[in-house]
Amino acid sequence: MLQIVILRLLGLIPVLIAISFITFLLMAIIPGDPAVVMLGADAPPASLDRLRSQLGLDRPFLERFGWWLWNAVRGDLGNSLYHQRPVVEMIFNRLPVTLTICVFATVISVVLGGAAGILSALKRNRPTDHAVRVLSLVGLSMPEFWLGLLLILLFSVHWQIFPLTGYVALNVDLLRSLQYYVLPSFALGLTLAGFITRLTRSSMLETLGQDYVRTARSKGLRERRVVLGHALATALLPLVTVVGLNFGRLLGGAVVIETVFNLPGVGRLIVLAITQRDFPVVQAAVLYVAALYTILNLLTDLSYALLDPRVRYQ
Amino acid sequence: MIKRLARSPLSVIGALFIVAFVVMTVAAPLLATHDPMELSIAERLQPPSTEHFLGTDVYGRDIYSRVLYGSRISVRVAVIGSLLAFFSGGLLGLVSGMAGGRVDNLLMRFADVLLAFPGLLLAIGISAALGTGETSIILALWIVYLPRFARLCRAAVLQVKGLDYVQAARSMGARSSRVALRHVGPNIVSPLIIQASVYFSEMILAEAALSFLGLGAPPPTPSWGNILSEGRDFMRLAPWISVFPGLFILFSVLGINLFGDGLRDVLDPRDSGR
């Protein structure tokens with residue numbers, strides 16, 4: 001097992017280099033000159049040239065990428081062009097916000113979606129089942145940023161239960177901070193819950209049809225015991241994969257949700273840095289998010305192998 | 001197949017939503033009550049009324065007409081994006097699965113790299129790099145969905161490739177291209193079509209998200225995402241600006257998903273009822 005983990009981790013290195021290269025390429029062709037963004041459009045050409053040369057923008061693309069990669073390997077991802085601060089520091093300040101939203105959203109989606117899926121499977125083809133199926137499709141079809149705006153409209157503007165905008169860090173005041181996380185996490189989690197509901201339902205139905213469940217029933221066990229004691233664990237197994245794989249989807253969704261709620265997360269940082277042509281920030285933030293995503297996918301694969309002995313990895 | 005689809009009430013509702021959506025898009029100039037770009041400061045932030053069915057925005061533009069015209073961008077992006085990704089991804093997957101070996105390895109590693117980005121993030125990066133506008137969103141979504149189709153198609157090819165009738169065609173001396181196009185291709189179309197309906201609805205949502213972030217069609221051209229985004233600052237004063245375009249997105253995507261579900265039941269009977 002350890003050998004597999006090490007091999008898979010080594011396999012991540014070329015993927016991360018390729019991700020960096022693609023991001024670097026995109027940033028190189030993006031319209032707009034960082035020197036002009038920093039000094040203004042009416043800056044004298046000589047100053048612009050000097051700044052470009054300071055930033056290394058006058059060197060060939062591959063040379064710039066080589067230097068960036070060399071520094072990145074040593075842990076230096078450069079400074080923000082706009083804020084003149086180390087990029088790594090900026091990302092680490094904002095990563096907890098994004099991860100908190102994603103974790104809360106995952107919990108919300110698994111609890112709601114799991115429960116709804118099981119209920120739907122147990123009441124198959126009855127009104128409850130039809131209602132849950134339609135509701136889960138509605139959840140899947142809703143743009144999360146629109147749901148976010150609706151939640152703001154209802155819970156912040158109309159009923160004033162949650163604060164409208166702003167942010168308090170988790171380590172400053174936990175209770176107040178959580179208030180700022182509730183709506184964005186629900187906006188992101190509810191759309192995913194639709195997906196989880198469908199998956200849990202279908203997996204539960206499949207499990208309930210298995211021989212060992214019939215054996216449990218024929219032993220005279222109560223339905224409650226059959227479902228909770230025998231079927232549930234097997235039926236929830238595919239959820240591990242889906243939750244793991246969807247965390248990346250949540251990371252993408254967080255970009256938009258952070259914009260809606262004005263939360264200082266990595267997603268918002270990336271969008272702002274793109275508009276400010278702050279390339280080192282975009283480059284590093286995308287690398288972090290993509291690395292996180294690939295590592296999570298790897299962990300999902302491995303955890304699945306641990307949970308289901310039939311899955312063997314070569 | 002149509003008969004079986006018609007028996008499922010949810011697919012019929014889905015189909016009705018899709019028809020309404022298509023009519024709205026095609027007949028936008030006939031159905032619109034105002035010029036979607038026409039400014040009228042005197043009528044700014046008006047609530048829904050008989051004059052302006054869905055109210056007006058901060059420049060006094062008619063939201064109903066803007067939403068109708070905005071649907072055109074969503075449809076164009078999703079249709080062209082899905083078709084491009086379906087055919088190019090399908091072809092790459094077919095080649096990869098049929099060829100195997102080095103070609104397969106190379107193509108799939110390339111797909112792995114593209115799949116290592118969260119989809120929306122890659123789309124944001126590509127459309128930012130190519131400049132705002134409809135074409136760059138289409139290209140961005142194409143690049144995001146191409147490896148997804150390729151993967152799916154390759155997996156389907158690998159399943160079919162070992163079956164007896166394909167082996168039989170080979171042993172009769174059929175060329176690889178003939179085996180791929182005549183024998184393997186037609187038998188893997190079903191899962192691709194089912195998945196295409198899922199991706200189509202995802203593209204509508206992604207287009208809205210990109211426009212919402214300001215990467216889509218530049219204002220004053222209406223798109224569902226940018227109308228929604230413009231209404232964000234007026235949620236207290238004029239919630240209708242954001243609420244209605246969102247409802248249109250919801251119902252069109254819901255229609256496609258409902259119909260897609262019905263399609264899955266018909267094309268893949270193993271899963272039906274689940």
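What follows is a short chat about a predicted model with chains A and B.

Guide: Ground rules before we start: residues count from 1 along each chain as its sequence is written, while chains are lettered from A and ligands numbered from 1 in the order in which they are written. As this is a predicted model, local features need pLDDT of at least 70 and side-chain atom pairs count only at pLDDT 80 or more, though totals for chains, interfaces and linings use all residues.

Visitor: What makes up the secondary structure of chain A?

Guide: Chain A has 12 helices and 0 strands. Helices here are DSSP runs of H or I with at least four residues, strands are runs of E with at least two, and numbering goes from the N terminus. Chain B comes to 11 helices and 0 strands.

Visitor: Why are α8(B) and α9(B) called roughly antiparallel?

Guide: Helix α8 (residues 164-171) and helix α9 (residues 176-212) of chain B pack at an angle of about 150°, with axes 10 Å apart. Axes are lines fitted to C-alpha atoms, for helices over the stretch in contact, and angles run from 0 to 180 degrees between N-to-C directions. Angles over 145 degrees count as roughly antiparallel, under 35 as roughly parallel, 65 to 115 as roughly perpendicular and the rest as oblique. So α8(B) and α9(B) are roughly antiparallel to each other.

Visitor: Which residues make that contact?

Guide: B:Y165, B:V166, B:A169 and B:R170 come from α8(B), and B:V179, B:H183 and B:V184 from α9(B). They divide into 5 nonpolar, 1 polar and 1 charged.

Visitor: What percentage of each chain counts as buried?

Guide: For chain A, 39% of its 314 residues count as buried, and for chain B, 49% of its 274 residues. A residue is buried if 20 or more other C-beta atoms lie within 10 Å of its own, exposed if 12 or fewer, and partly exposed in between, with C-beta atoms placed from the backbone.

Conventions: Contact = placed C-beta atoms within 7 Å. Nonpolar A, V, L, I, M, F, W, Y, C, P; charged D, E, K, R; others polar.
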